[in-house]
Amino acid sequence: MMRKFLGPVVLNVFAWTTILAVAFPLFWMLVTSVKPQSELFRRPPTMLPESWTFEHYWHLLSQTNFLVYFRNSVMLSTVTTLLVVTVATLGAYSLVRFRYRGRESLAFMVLFTYLLPSVVLIIPLYLMLVSMGLSNTLFSLVIAYTTFALPYALWLMRSFMAGVPDDLEYAAMVDGASRMGAFVDVILPQLLPGIISTALFTFILSWNEYLYALVLVNSDEARPLTTGVMNMLISSFNIEWSLLMAASVMMSVPLIIVFAFLQSYLTRGFGAGAVKG
Amino acid sequence: MANVDFRAVTKSFGAFTALHGLDLSIKSGEFVALLGPSGCGKTTTLRMLAGLEFPTTGDIIIGDRRVNDLAPGERDIAMVFQSYALYPHMTVAENMAYPLKKRGVPKADRGPMVAKTAEMLHLTALLDRKPKQLSGGQQQRVALGRALIRDPKVFLLDEPLSNLDAKLRSQLRAELIELHRRLGRTMVYVTHDQLEAMTMADRIAIMEGGNLQQFAPPAEVYARPANRFVAGFIGTPGMTLIDGALVQDQGRWLFEGDGLRLDVPALVAGASAGPAAFGIRPEDVHIGRGDLQGEIVLTEATGHETIVTVALSAAVRVVARVPGTPSLRIGERVPVGLDAACAHIFAAGPHGVRLNHPSGAAGADETDNIAAPLRVASKGVVS
């Protein structure tokens with residue numbers, strides 16, 4: 001009798017502890033961002049702010065480059081996502097539907113680049129981008145992010161594509177569609193869950209990327225949020241905690257919104273290959 | 001409506017040759033079944049006709065047009081796939097309207113055409129459903145509807161009934177026969193199920209190992225198999241085939257093998273003594289009368305008939321079809337008669353050619369064509 005109750009209790013305690021451990025930093029971030037400066041370092045700390053203020057948010061938006069970084073991040077992540085999804089979808093179509101020499105090795109080679117630590121690639125990539133005259137541009141980051149988002153995206157799309165029966169495409173072709181027409185009319189709609197998962201994955205990756213942005217871009221016009229905020233608020237002498245937390249909240253909001261709407265697709269994407277998409 | 005011609009069509013996939021020089025002439029309005037075991041080349045043949053594969057050599061003609069290099073959509077064909085291949089994101093109505101849309105039929109005209117086809121296939125109530133919400137039989141009807149909605153020159157059907165349960169299969173089989181009779185369109189039907197081929201087709205093309213083995217009406221394929229492969233493949237239960245040799249004794253032909261010495265029906269001109277196979281269908285084996293003795297090994301009663309396996313010797317077992325449920329005990333010794341007039345003699349080897357005229361109709365090719373269906377029908381083609 002005891003065991004019957006004890007099992008779920010232990011499980012629940014464990015689950016809630018984990019959730020609290022993960023959620024507490026987020027909660028603290030939110031709380032800190034709305035505390036006045038005077039309350040920040042008080043001991044003992046206040047769990048909920050005694051007085052609420054949005055001055056940090058206002059300060060970020062009106063007196064810093066935050067909006068420029070935000071726009072850069074949005075553009076960067078959006079363009080990268082579009083590029084990666086387009087190339088991955090067409091690439092996966094080619095890998096799954098056409099038979100040609102080196103098809104499998106090509107797919108594995110692409111995956112192999114994903115296994116290399118990004119630090120190894122960053123210097124060669126930087127030199128290449130400089131020689132192309134792309135240093136310090138948003139576009140250089142688009143290219144860089146594409147190089148590391150594409151392999152995973154391609155494999156993800158490939159498993160989704162493999163789940164779409166060949167016959168569907170053949171049926172469309174017999175019904176009078178061209179190969180491209182069959183792809184657009186029949187294959188793409190089946191791939192929608194895969195495309196959304198891939199897009200979400202790429203967007204999150206690009207949005208949160210730090211290392212490449214730090215190395216490849218050092219002008220304020222082209223900095224994304226990650227390096228921009230760090231550069232602006234963290235110096236050797238001081239960390240602007242309240243501003244940093246306010247910036248972090250605003251950085252998280254777009255992802256949380258997108259995620260909330262599309263999370264069912266993302267979890268489906270992780271299951272792709274195991275279960276027919 | 002159009003005729004379909006395969007002229008010396010070969011198809012190779014790398015080093016593997018799936019089809020060796022196929023010559024096949026399908027008449028306009030004919031219902032032809034491509035029948036054979038898996039890997040025989042029947043599906044490759046159909047896919048080449050559809051334009052989903054391209055022949056390595058040879059020509060494919062639809063009507064009077066060589067279609068080798070035409071895309072599937074340009075061939076004026078419609079196809080029903082084994083998997084139905086319904087577009088999952090479209091409703092039944094949208095699925096059926098898709099071929100019309102792709103061929104530029106104005107939107108206003110599509111609705112009535114969909115409604116008409118849906119009515120013919122009893123799908124009217126389901127037009128707004130998605131394929132996932134339909135049963136297997138309903139999905140099959142939608143796939144048929146999508147093919148029928150246009151008026152293509154040739155219908156291609158790739159094992160369309162194989163995913164259905166037995167009852168539904170026989171029901172849809174009857175509907176397909178009726179449909180073909182009503183529309184009178186050329187239909188090419190791939191199947192590995194001889195019952196489907198025998199009951200539906202005007203002519204059956206039996207294929208094996210990438211070669212056409214025989215192309216003839218069902219009754220003829222049954223009564224006069226062109227070679228040993230066809231003889232063994234067609235008929236349930238199958239023809240008993242006994243290996244031995246043809247010998248000539250005082251001007252009379254005899255078959256000898258495994259201690260048996262059997263009379264042989266009229267041989268074709270040019271048949272010679274040597275290794276051969278003796279084939280006899282279950283309905284031509286008689287239990288309880290005859291000059292051979294055998295021991296009953298197995299009885300399988302299906303109600304209206306009983307399939308009896310009899311051992312004539314240690315090596316030779318023949319299968320007999322006996323009407324009703326006779327009282328036969330396993331191990332019982334019974335007289336057995338083989339109807340020599342109905343025997344089939346083949347040259348040695350798995351594809352040995354036929355060496356005798358059927359059922360004593362020596363040389364009477366034309367009359368036999370008329371007589372054969374009647375004779376076979378009275379005995380029941382297949383169970």
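This is a predicted model: local features need pLDDT of at least 70, side-chain atom pairs count only at pLDDT 80 or more; totals for chains, interfaces and linings use all residues.
## Reading the labels

Helices are DSSP runs of at least four residues marked H or I, and strands are runs of at least two residues marked E; both are numbered from the N terminus. As background, most peptide bonds are trans, and most residues other than glycine have a negative phi.

## Two cis peptide bonds

Let's start in chain B. The bond from B:Thr236 to B:Pro237 is cis, and its omega is near -10 degrees. To find B:Pro237, look in the loop that runs between helix H8 (228–233) and strand S11 (240–249) of chain B.

Chain A has a cis bond to show you too: it joins A:Arg43 and A:Pro44, with omega at about -5 degrees. Here the proline, A:Pro44, sits in the loop between helix H1 (2–33) and helix H2 (55–63) of chain A.

## Two positive phi angles

Now turn to phi. B:His122 is not a glycine, yet its phi is positive, at about 55 degrees. You will find B:His122 in the loop between helix H3 (107–120) and helix H4 (136–148) of chain B. Is B:His122 buried or exposed? B:His122 counts as exposed because its relative accessibility is 60%, and exposed means over 50%.

B:Asp258 also has a positive phi without being a glycine; the value is near 50 degrees. Its loop lies between strand S12 (252–257) and strand S13 (260–263) of chain B. The relative accessibility of B:Asp258 is 43%, so B:Asp258 counts as partly exposed: that class lies between the 20% limit for buried and the 50% limit for exposed.

Methods. Residues are numbered from 1 along each chain as its sequence is written. Chains are lettered from A and ligands numbered from 1 in the order in which they are written. Side-chain values use heavy atoms; hydrogens and water are left out. Buried means under 20% relative accessible area, exposed over 50%, partly exposed in between (1.4 Å probe, protein chains only).
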